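Colleague: Please put the model up. I would like to go through some of the labels and ask what stands behind them.

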Amino acid sequence: MKAAAGWLARRLGFYVIAAIVAVVLNFLIPRLMPGDPASVLFARFQGDLDPEAIEGLRKTFGLQDAPLHEQFYSYISALAHGDLGLSVAYFPTPVSEVLGEGLMWTGLLAGGAVLISFVLGSSLGALAAWKKGGPLDTVLPPLLAFLGAFPYFWLAMLAAWVFGFQLDWFPLRHAYADNLAPSFSWPFIQSVISHAFLPALTMVLVSLGGWLLAMRNTMIGVLGAEHVRYAQARGLTPRRILVHYAARNALLPNVAGFGMALGFVLSGALLTEVVFSYPGTGLLLLTAVRGQDYPLLQGLFLAITFAVLSANWLVDVVTVALDPRTRT
Amino acid sequence: MVVVAQEQQATWIRNFNPLVPTSARWPTSAGVYEPLYIFNEATGEWVPWLATDSSWSEDATELRFEIRQGVRWSDGQPFTAEDVAFTFNMMKEVPGADLGGVWGFLESVVAGETQVTFTFQRPYVSGLQAISQQAILPEHIWSSIESPLLEQNPDPVGTGPFTEVSTFRGQVFQLDKNPYYWQELEVEALRFPALSSNDQASIALIRGELDWAGIFVPAVERTYLARDENYQAWFPTQGGTIFLYANTQVEPLDNPKVREALSLAIDRQRLVEVAMYNYTTPSRPTALSDGYSDWEDSSLKGWTDFDAQRAGELLDQAGLKKGKDGMRTLPDGSELTLSITSPAGWSDWVRAVQVIAGDLRNIGLDVQVKGYDFSAWYERVGRGDFELSLGWSEQGPSPVPMYKALMDPSAVVKVGEPSFRNWHRYGSEKAAPLFAAFDATPDPLEQARIVNALQQIFVDEVPAIPLFPAPAWGEANHTHITGFPSAQDPYAPLSPNAVPACLLVMTRLEAK
């Protein structure tokens, strides 16, 4: 147990260093990009703005050309206070306020989709390997690989067109019906589910194949291993062998992959959110990039970074629980 | 209730601060708040709004507004001349709020009993536009706000028709009518679903979920109008003009004859057909759109008609001879390649530059199309780092703001420094005194004479190449709401993008 704690502590140390590097890069990268956020902002006036007013606005936005080290200092000290600055695109709303709701919806939609895809894909993969050559094993892997090969946005637009626009089975945009106020009532929850259904379905469809194939292939290797044969020789029930002896071991690579997938949830849902106009962080990211909204971009990247790192830390903990070798 | 789509936002952020129009919700400066006068682009008239009358002093250094009586703020307080003076004097203290740059020419703003007097540093007739379209704020609220630019103003108090925020969520917000509004209102509320893109807005429009919108719809007859007889679209071309800007600091575009040749080489009829779905027409030689036809000198002709042969002759005279491969070279024999740019995502403009590049290749010019992301494109044209580019023009109640931006020497900035107008870097010494003279005279006859002279200079010196008037996108759905303007009843522009003229529409709409 002590060894496990030491291992987890070492991993934690690594994540802290990664976080520091991310914070520094997060400061540098937007500033190395070409283009000036102020001019983008003023461009929206299409000429209806006087130079004096532009100077005044520049000052208000803090867009004056301070030396880089001074900018870095103010960035770090603000960050330490949890202040991510004011958004340029939504000026003068604080970035943290702009991010708030988006994080929740993306977490719900993409987090849910990844979880469903992981559980469903891994289970189907385990079953396919168990009955190797059976109907499940012959039909599903090629079918899902085929679906996964579609460009995602194309599949999403097709789904939106057929089931949303033509058949009118599902709503085409937003996270819940516009005429409902958020609450813990059944109509609202129902509305959230029906709005998330199509986006989540498309995300699950394209990613399911990957989980299934990975699980199936590892599983086949594990099923041939000595300890499984030993379990069979002892006369354990097939169900017990499948779950406790084979799947538990075969799941390890998938769990590592799950950590990565979970981390990328916040950024990876960008296309889904654009196609279905889902009010999450992906759409915000798009707005921020288009408007060169540095503070919002930095806030988003920071959120994504911390999500990836904490997801990986969680996976480490789960790995320790699943894999006794890490505990010795 | 009227469902409106004007802004394209993924999520609504609650901001109703008219001093920061880039982040305030669309109805803020014309809807929640109101200006003194509204310039109606559709009729070319000034409509008295919070003011009832205005008068100039003889020498055009003093402008006096008579303030409308009986108007109340949405909290019940009376609206007075003091509120007007307060708004402008605050903009003096907070320069970032002075978007029209009024304190560049204002001396003082003083409130009387029912009047407000604006005194100018010099005779300045053009100041009327910047002053009269400013949204007026209530002194009893804003005098206690320390940093007006940082205020999000979530619960605004205004004089406008729709001031009460009854719903505000990321996906939708609703403004109910002002209980104290000074006119009769026939609709109860405006509602705004968050639509993140043109595609999303088009789908909502086609499905009848919107009552009023201002978006570009391709092939509108087939995609929208054919679906329901209650659907209406009106894309008038009375505002600004889309130009082909040629950087006059780049050889051979510094030669006006070469610029004239470029203009003659462009088949504008095909251009508006291919790029603009025939929503607009080829530009007039003076670059003035229909909205300015009263100002126009219609005797000026010729140089915007398609004439490839004449274009070739002009280029020959300018020394740009054709080489062996049929492509033209510079007079010293060196290779000549020009690039033409546009923002990459603007599909109508991208098609337009492709058509233009083809036309120019036909007269032997090697022209390459380059698309940039909007911000990168804007940065380049602003710094003068381009050869040919599409661009918009400035608008105003007279053609003068447009011509000023095109050829006023004082608007010219060195290449490399950012500029928000006059990207092509052209100043006309002949036009400069005319701009000063225009601002010093309130006499309409004298103004007309000056604008005529400016048109002649524009045609002679070719500061930029006019392509076509820019359509103002406007769509309406008459199923639940009536009273929208149309080509048959053009009392105002239909487009909600026309701020503050959209107030004229808001106050005329009726629920069926």
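Colleague: How do you know that the span of helix H2 of chain B agrees with its number of residues?

Modeller: Helices here are DSSP runs of H or I with at least four residues, and strands are E runs with at least two, numbered from the N terminus. The expected span is 1.5 Å times one less than the number of residues. H2(B) covers residues 81-93, so its 13 residues should span 18 Å, and the end C-alpha atoms lie 19 Å apart, which agrees. This is a predicted model, in which local features need pLDDT of at least 70 and side-chain atom pairs count only at 80 or more, while totals for chains, interfaces and linings use all residues. Residues are numbered from 1 along each chain as written, with chains lettered from A and ligands numbered from 1 in written order.

Colleague: Which residues of H2(B) are called buried, and what covers them?

Modeller: Buried takes 20 or more other C-beta atoms within 10 Å of the residue's own; 12 or fewer is exposed, anything in between partly exposed, with C-beta atoms placed from the backbone. Asp83(B), Val84(B), Ala85(B), Phe86(B), Thr87(B), Phe88(B) and Met91(B) are buried. Their cover includes strands E5 (62-67), E6 (106-111) and E7 (115-120) and helix H4 (139-142) of chain B.

Colleague: What does Met219(A) touch beyond four places in sequence?

Modeller: Contact means C-beta atoms, placed from the backbone, within 7 Å. Met219(A) touches Gly125(A), Ala126(A), Ala129(A), Ala246(A), Ala247(A) and Ala250(A).

Colleague: How many residues of domain 2 of chain B contact domain 3?

Modeller: 10 residues of domain 2 of chain B contact 10 of domain 3 of chain B. Their centres, over C-alpha atoms, are 35 Å apart. The bounds, 31-142 for domain 2 and 241-469 for domain 3, come from an automatic or database assignment.

Terms used
Contact = placed C-beta atoms within 7 Å.
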